[in-house]
Amino acid sequence: MNKTPHGSARVPFWLRWLIPVLLVVTWLAIAGIGGPTFGRLSEVSSNDQASFLPTGAEATEVRDWQAKFRDTNEVPAVIVIESDSAFTPAQLGEVAALKGKLEALGAGSTVVGPIPSEDAKAVQFVVPIESAGEVKEVVKELRAEVQASAPAGMQTFVTGPAGLAADLVSAFAGIDGILLLVALAAVFLILLIVYRSLLLPIAVLFTSVFALCAAILLVFGMAKLGWIQLNGQSQGILSILVIGAATDYALLYVARFREALTHTTNRTAAALTAWKAAWEPILASGATVIIALLCLLLSDLNSNKALGPVAAAGILCSLFAALTLLPALMALLGRAAFWPFRPKLLPETEREPELVTGLEGQKGLWRATGSLVSRRPRTVWVASVLLLLMASAGVLQLKANGVPQTDVILPASNAVDGQDALARHFDAGSGSPAVIVADEAKAQDVLAKTKATDGVGAAYLLAEGSVPIVPGAPAAPGAPASPTAPAVRDGKVLINATLDFAADSNEAENVVVALRQELKKIDDGALVGGVTATALDTNTTAQRDLVTIIPVVLAVILVILMLLLRSVLAPVLLVASVVLSYAAAMGVSAFVFNNIFGFPGADATVPLFGFVFLVALGVDYNIFLMSRVREESIKHGTRPGILRGLGVTGGVITSAGVVLAATFAALGVIPIMFLVQLAFIVAFGVLLDTVLVRSLLVPALAYDISPRIWWPSKLGRAQMDATERVRPAAPEAESAEAGIR
């Protein structure tokens with residue numbers, strides 16, 4: 001009687017066709033709704049500085065008080081007209097004629113100016129723009145009008161908060177299209193090379209894109225309801241993270257599906273077998289990243305809080321797509337997904353090879369890697385650790401204490417050039433005064449102390465009915481030192497102080513620190529805010545977040561790994577390896593930023609974002625590896641299981657690492673310093689983790705420790721007991737044999 005081929009039993013229609021088709025149709029409906037929503041994210045997204053401020057900082061309190069002194073939500077645009085020589089009376093007349101045109105375009109309150117510089121080589125206007133309108137479009141019109149109307153041969157700039165915001169929006173313009181296209185093209189090319197199949201890369205990309213559509217729909221809804229605050233930064237990271245994570249999870253499932261097809265001719269059975277084998281590591285991986293990202297909610301920075309739930313929502317959708325849509329597609333396609341290199345059914349004797357060393361059945365790169373690990377485990381892991389420690393030394397050169405706002409935008413910017421022109425011809429801090437909130441009863445004492453503070457050029461009380469000053473607006477020249485009717489709101493007054501230093505300089509920050517210390521001696525409730533104070537508070541909060549959030553993330557990851565691996569020692573070593581990998585990535589990044597890219601520094605949040613992404617995503621690959629190693633160790637023993645697990649996961653994890661690195665590298669097409677730096681850190685760190693840590697360090701360390709790696713689980717104890725039972729028997733056997741001879 002002939003044996004029935006494995007997996008040839010008839011599968012019910014509902015399982016073979018109905019459920020897969022329903023899943024695909026459901027995801028098509030989600031994509032049909034979420035896809036068009038992608039273009040609507042701008043409705044709920046804001047790149048306003050308020051979305052980045054630390055919620056409990058003094059500068060934020062000042063901003064809230066300033067809102068009470070303003071009847072409108074206006075953003076000032078500062079227009080600078082610069083000449084190589086002093087303005088003539090005729091030229092000043094031409095410039096003065098601009099005021100009416102500017103008021104018509106600004107659509108805000110009265111335009112301030114023209115204000116000539118002391119050297120008579122520049123003139124500035126302050127044009128309030130309604131923030132509720134299209135600031136970018138208004139700035140564009142202002143630039144066109146000023147350039148057309150300014151005297152011949154002069155340079156014109158539209159800068160200030162409105163100009164910088166407009167250029168920032170322009171820099172983010174590629175997020176909706178270019179970034180996504182570059183990322184998808186990179187993923188498709190890599191998958192094409194790896195699988196040498198047209199259909200499978202398309203199926204994986206469909207999974208990633210549909211996951212992104214679902215994530216966009218979810219994020220749009222949360223932002224619309226006011227649950228989260230969306231900005232261009234988190235929007236760009238969302239797209240990259242979803243595509244990279246969904247592709248990684250898809251690759252793990254595809255590897256298991258391909259393996260299952262070598263054991264059965266039934267495509268549905270293969271899809272179910274692959275799902276049962278892949279769901280636990282995929283779920284553990286996704287949960288690790290989601291919880292790590294949600295730890296950002298502990299931050300006091302709004303920019304961090306905004307990214308946490310946005311990115312977590314993206315990972316959640318990636319997880320569901322990889323565990324529902326992709327298995328459904330594979331169940332429908334079967335072996336055809338791998339055409340023209342379809343996996344062949346193996347003879348039953350070859351499906352579960354009997355392992356002695358763990359290298360049986362392996363060939364090429366991963367057999368060589370496994371052989372190296374098994375022959376020189378201690379040499380391999382010690383050398384790997386030393387190499388990582390050497391790279392980590394560079395982290396001391398990382399200048400992550402914030403960068404001037406004018407350095408955030410990498411390409412040429414009219415607003416950035418305008419800030420330079422302001423600094424050349426006007427007081428260094430005139431474009432961004434420090435703003436002080438004081439009690440009405442102590443206003444004059446606070447004002448006097450402010451003027452007497454080193455680094456303060458001028459200070460005055462905001463008068464009732466005068467043009468309100470907001471962060472970034474230049475102080476009005478000739479403002480009365482003691483207005484007869486100061487503006488008062490809830491017993492508070494505003495004082496604007498022009499600093500002697502550029503607003504984004506360390507010297508200006510030192511003046512703010514001094515003002516806060518001195519003014520509180522006079523008025524306990526005195527607050528100092530403005531652009532400089534905001535940068536200072538943001539950097540201080542970011543440093544505090546590092547100390548607060550990093551231990552929480554590590555603890556969460558450690559617990560998840562312990563639950564997955566049923567061990568204590570293995571998770572501790574894995575977390576330590578990923579932290580060391582992160583330190584090495586940051587060390588190399590610091591060298592590249594300082595000596596190759598020539599960046600003046602890094603945003604204060606870069607180390608934290610780099611940590612969250614690298615540690616959470618780096619643990620992914622260790623989860624993929626060690627979950628398979630544990631599975632093989634149960635069958636064949638720890639050391640053969642390590643080599644077997646390394647061999648069967650080597651190709652898929654390396655492919656996943658290259659895909660994730662390529663998708664994050666795509667962030668570099670957005671010319672924002674923070675995103676370019678994050679792109680390099682994560683891309684390099686993922687490759688380092690994939691190539692060195694996961695391929696050499698972790699397997700060699702686990703091989704050297706052997707069964708004790710699973711301590712204190714039963715798996716480790718059983719194998720150690722078995723080893724101990726064999727070892728004492730050997731000398732006795734040798735003695736008995738010698739006696740017989």
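## Salt bridges and a nonpolar surface patch

Arg-143 and Asp-167 form a salt bridge in which the closest N and O atoms are 2.9 Å apart, a salt bridge being a side-chain nitrogen of Lys or Arg within 4 Å of a carboxyl oxygen of Asp or Glu. This pair links distant parts of the chain, with Arg-143 in helix H5 (residues 135-149) and Asp-167 in helix H6 (residues 160-171), 24 residues apart. Both Arg-143 and Asp-167 are buried, where buried means under 20% relative accessible area, exposed over 50%, and partly exposed in between (1.4 Å probe, protein chains only).

The model is predicted, so local features need pLDDT of at least 70 and side-chain atom pairs count only at pLDDT 80 or more, while totals for chains, interfaces and linings use all residues. Residues are numbered from 1 along each chain as its sequence is written, and side-chain values use heavy atoms, with hydrogens and water left out.

By the salt-bridge rule the count comes to 16, including the pairs below.

| Pair | N to O distance |
|---|---|
| Arg-143 and Asp-167 | 2.9 Å |
| Lys-449 and Glu-518 | 3.5 Å |
| Arg-516 and Asp-537 | 2.8 Å |

Both Arg-516 and Asp-537 are buried, and they belong to a network of salt bridges that also links Glu-58 and Lys-520. In the other pair, Lys-449 counts as partly exposed at 30% relative accessibility, and Glu-518 is likewise partly exposed, with a relative accessible area of 23%.

On the surface, Trp-17, Val-21 and Val-25 form a nonpolar patch with about 240 Å² of accessible area together; patches are made of residues with over 30% relative accessible area and no salt bridge, like charges being joined within 9 Å and nonpolar side chains (Val, Leu, Ile, Met, Phe, Trp, Tyr) within 5 Å. Accessible areas come from the Shrake-Rupley method with a 1.4 Å probe, and for residues only the protein chains shown count as cover.

Notes:
Helices (H or I, at least four residues) and strands (E, at least two) are DSSP runs, numbered from the N terminus.
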